[in-house]
Amino acid sequence: MKLNDEGARTMKLSTVIADRRSFVSLATAILCGVSLSLAWSGPTRAGTVQFQPPQGGAPEGTRGGASRGDGLCIQSYPEKNQGLQALTPKDSNYGLTLAEHPQFFAYIPLTTAQKALFVLKDDRGHTLYQQVIPITGNSRVMSINVAERLPALELGKTYEWGIAILCTGTLQVDSPFTSAWVERVSPPTDVLPYVGQSPSLQKVIALGSHGIWYDMVSTLAQLQHQRQDTTIASTWSQLLQSVGLEKISEAPVN
């Protein structure tokens with residue numbers, strides 16, 4: 001049966017309206033999908049990076065230390081209670097690394113001193129390396145740039161490293177100092193793809209999930225310098241807070 005002109009127009013209009021509703025529904029679904037994929041496309045938000053301490057914890061006798069001589073030449077101590085501090089989890093002063101020549105970090109408070117002494121020892125207390133380094137500038141978390149000169153760390157061995165502020169230009173018995181421990185391990189299977197790769201949050205997360213502290217911190221510090229991103233800065237701050245270093249979590253990093 002043929003429809004009259006009015007009936008045909010009505011059916012055509014209904015079809016157009018239905019098609020438009022279908023298009024709107026499809027567009028909405030696509031937009032929602034895009035929003036979700038953007039929100040979950042990668043671990044880009046602060047708080048996704050977590051440090052899981054290695055199983056077994058620190059070996060016996062590997063507690064780090066710090067002197068009580070900070071008042072000698074450190075200007076921001078004790079008012080802000082921020083003395084010289086090795087950048088390691090505070091409850092153990094110990095961390096793992098995959099690197100033969102790891103990068104170390106320490107919080108250097110505001111001081112009148114211009115030099116510090118870096119020392120690396122084996123687990124028997126024998127000095128393997130030492131070097132005087134400049135520390136001029138404001139209080140900050142400082143990268144100790146001696147990695148290329150260090151003797152290669154051996155797999156499965158634990159080492160103590162430390163830094164002392166030379167208030168008088170030479171090492172004294174009461175010089176402010178801090179020390180911590182590092183152990184070199186083989187990379188876990190799911191970390192292997194990131195070895196030698198450029199810094200990324202995915203790499204930071206993989207390292208943190210296996211307690212690879214030194215490499216995790218070094219990678220995150222590199223990301224801060226490369227991106228100047230508030231998300232990266234917030235992630236850094238939250239990481240330090242999670243391991244008991246909240247007092248220096250907002251300090252600038254160089």
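Reader: Which residues lie nearest the centre of the second largest pocket, and how many residues line it?

Author: This is a predicted model. In it, L98, A99, K203, D215 and T219 lie nearest the centre of that pocket. The lining holds 21 residues. The pocket's volume is about 340 Å³.

Reader: What makes a residue count as lining?

Author: A lining residue has an atom within 4 Å of a pocket point. The 21 lining residues are therefore those that pass this cut-off.

Reader: Which elements give two or more residues to this lining?

Author: They are α2 (201-209) and α3 (213-227). The largest share, five residues, comes from α3.

Reader: How is the lining split by class?

Author: Eleven residues are nonpolar, eight are polar and two are charged.

Reader: Why are β3 and β6 called a pair?

Author: Pairing needs at least two bridges between two strands. Strand β3 (residues 104-108) and β6 have five bridges, so they count as a pair. Their sense is antiparallel. As one example, F104 has I144 in β6 as its bridge partner.

Reader: What makes β1 and β6 edge strands?

Author: The open sheet has three strands in the order β1-β3-β6. Both β1 (85-86) and β6 (140-144) pair on one side only. That puts them at the edges.

Reader: How confident is the predictor, and where does pLDDT stay under 50?

Author: The mean pLDDT is 80, and 75% of the residues reach 70 or more. Over residues 8-47, pLDDT stays under 50. For that stretch the model has 18 contacts beyond four places in sequence.

Terms used: Residues numbered from 1 in each chain as written. Predicted model: local features only at pLDDT ≥ 70, side-chain atom pairs only at ≥ 80, totals over all residues. Heavy atoms only, no water. 1 Å grid on protein atoms, 1.4 Å probe; cavity = no way out; pocket = protein on both sides within 12 Å on 5 of 7 lines; lining within 4 Å. Points joined across faces, edges and corners; volume = space filled by probe spheres on them. Helix = DSSP H or I, 4+ residues; strand = E, 2+ residues; numbered from the N terminus. Nonpolar A, V, L, I, M, F, W, Y, C, P; charged D, E, K, R; others polar. pLDDT = per-residue confidence, 0-100. Contact = heavy atoms within 4.5 Å.
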